[in-house]
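This report describes selected packing features of one protein chain. Please keep the sequence and the model in view while reading.

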Amino acid sequence: MGIELKNKAMEVAMKIKKLGQDDPRRIIHSIKVGVALTLVSLFYYWRPLYDGFGASGIWAVITVVVIFEFTVGATLSKGLNRSLGTMLAGALGVGVDYLATLSGQKGEPFVLGIFVFLIAASATFSRFFPGIKARYDYGVLIFILTFSMVSVSGYRVDEFLTMAHQRLATILAGGAICIIISIVVCPVWAGETLHNSIISNIDKLANFLEGFGGEYFHCSEDEQHDISTDKDKSFLQAYKVVLNSKSVEDSMANFARWEPRHGNFGFRHPWKHYLKIGSFARQCAYQIEALNAHLRPQLQEPSQFRRMMEVPCKTITSESAKALKALATSIKTMTDPSPSSQLHLTTAKTAINDLKNSLKSATTHMSEDISNLLAIIPDATVASILIDIVKSVEDLSEAVIELSLKAKFKSVSPEKPQLLHKGTIKPFVEDEDEQSESHVVITVRGIENNNEDLPVNKK
């Protein structure tokens, strides 16, 4: 029993260690939350603050626990939503309470009940609007909660305004502490996370295509000897992360819009356009998923048709991978992607024409033999998927070019040609006996012949 408990504890410890090593920012975030909670606890521990705010200090603690998120954008989103929702609901609650008191002691509960019903129902219905749901859902929720508490509690509490003031002050203080710590101490930006995630996803697609040709076409014994181990083939499964990236990208893009300017990203950076790039990346990943289904061990010699399509298929996968890597590099360095990616796409399209010619030639020769025609269907399917992948990469390239225009990426200036030789031109006139002909001596300082001056005479 003791050994099993020890092994279990060791297993949990290894998991915790791995979790921290995978992303050290998680450890820093945990420390930041602990520091924020310690600071807001002073509302209870420090007598002058407790005398000023009383039991309402607990709302500062609750605020920190609720709104402190991993990224700056998420913390700002929740903090501003909570603050705005609390202030609006508090002001509206005070106004409703004042109107209720005008109706007399008997009519006050009825007026409060009617207002609570109307405002709560209206605010709840507003949460179904997509725009409000995406950015202000939490604020509307806090609005409903605060208004209900203020309206209901105000009916029995005598010092109603004092209580509302204390709660609002502690909530704002807790939110401010969260936001300051989140921005100042090792900030984790949602925009930067989204930016790096898109780059990583495109790289994963490129790595699969880069290695697909070698895995699918095993034509020589030397290639079979060089087949990598299962550990080295992890790139064949890494693309699957892209398939389920939509929810993460949506939330990161939403939170990024709340963040202030940081690094190379301005306040109005086109974060929404990253979602378009992510959509095209997932479309390419779905096609790669279909392509991956055809990667299985071959129990027989490759067919003649497969040998015919090997060169164009390898060219397509290789050039598509290079185009994707060029796009990822463009996003990473925030430079114009047009020159390099378009060159690789042009080469891939040329290979598609060669592949189509191979398909036509094979189907023409095998049309009479149905068994041979059926045998080439799997390889023809792979060829068709590769053609679709090139189209997806082209769409992805256009989306990145559009992002580069909106985000004002730096343009890559062409390299200036360098002169390999430096020389001087010295005119001189020979003797009159030599018919006073004018000659020009060009002295070329070459990079060879030990940098000696080589005279060249021209008439």
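## Two packed helices

Helices α11 and α20 pack with their axes 13 Å apart and at an angle of about 155°, where axes are lines fitted to C-alpha atoms over the stretch in contact and angles run from 0 to 180 degrees between N-to-C directions. The two helices are therefore roughly antiparallel, a label for angles over 145 degrees. The crossing of α11 past α20 is left-handed, that is, the near helix is turned anticlockwise from the far one by less than a right angle.

On the α11 side, Ile 202, Leu 209, Phe 212 and Tyr 216 meet Pro 378, Asp 379, Val 382, Ile 389 and Leu 396 of α20, contact being heavy atoms within 4.5 Å. Helices here are DSSP runs (H or I, at least four residues), numbered from the N terminus.

## Basis of the model

The model is predicted, so that local features need pLDDT of at least 70 and side-chain atom pairs count only at pLDDT 80 or more, while totals for chains, interfaces and linings use all residues. Residues are numbered from 1 along each chain as its sequence is written, and side-chain values use heavy atoms, with hydrogens and water left out.

## Nonpolar cores

A nonpolar core is a set of buried Ala, Val, Leu, Ile, Met, Phe, Trp, Tyr and Cys residues joined through side-chain atoms within 4.5 Å, and buried means under 20% relative accessible area (1.4 Å probe, protein chains only). The largest such core has 57 residues, of which Leu 205, Leu 291 and Ile 389 touch the most other members. Among the helices that each supply at least two residues of this core are α11 (190-216), α16 (271-292) and α20 (377-406).

Leaving out residues up to four places away in sequence, Leu 205 touches Tyr 239, Val 242, Ala 281, Cys 284, Ala 285, Ile 288 and Leu 324. Another core, of 13 residues, lies apart from the largest one and includes Phe 53, Val 64, Phe 68 and Tyr 138.

## Two buried polar residues

His 269, in the loop between α15 and α16, counts as buried because its relative accessibility is 10%. The side chains of His 269 and Tyr 274 are joined by a polar contact of 3.2 Å (a pair of N or O atoms within 3.5 Å, one able to donate a hydrogen and the other to accept it; residues adjacent in sequence count only if both atoms are side-chain atoms).

Thr 86, in helix α6 (residues 72-102), is also buried, at 5% relative accessibility. A polar atom of the Thr 86 side chain lies 2.6 Å from the backbone oxygen of Arg 82.

Conventions:
Buried means under 20% relative accessible area, exposed over 50%, partly exposed in between (1.4 Å probe, protein chains only). Angles under 35 degrees count as roughly parallel, over 145 as roughly antiparallel, 65 to 115 as roughly perpendicular and the rest as oblique.
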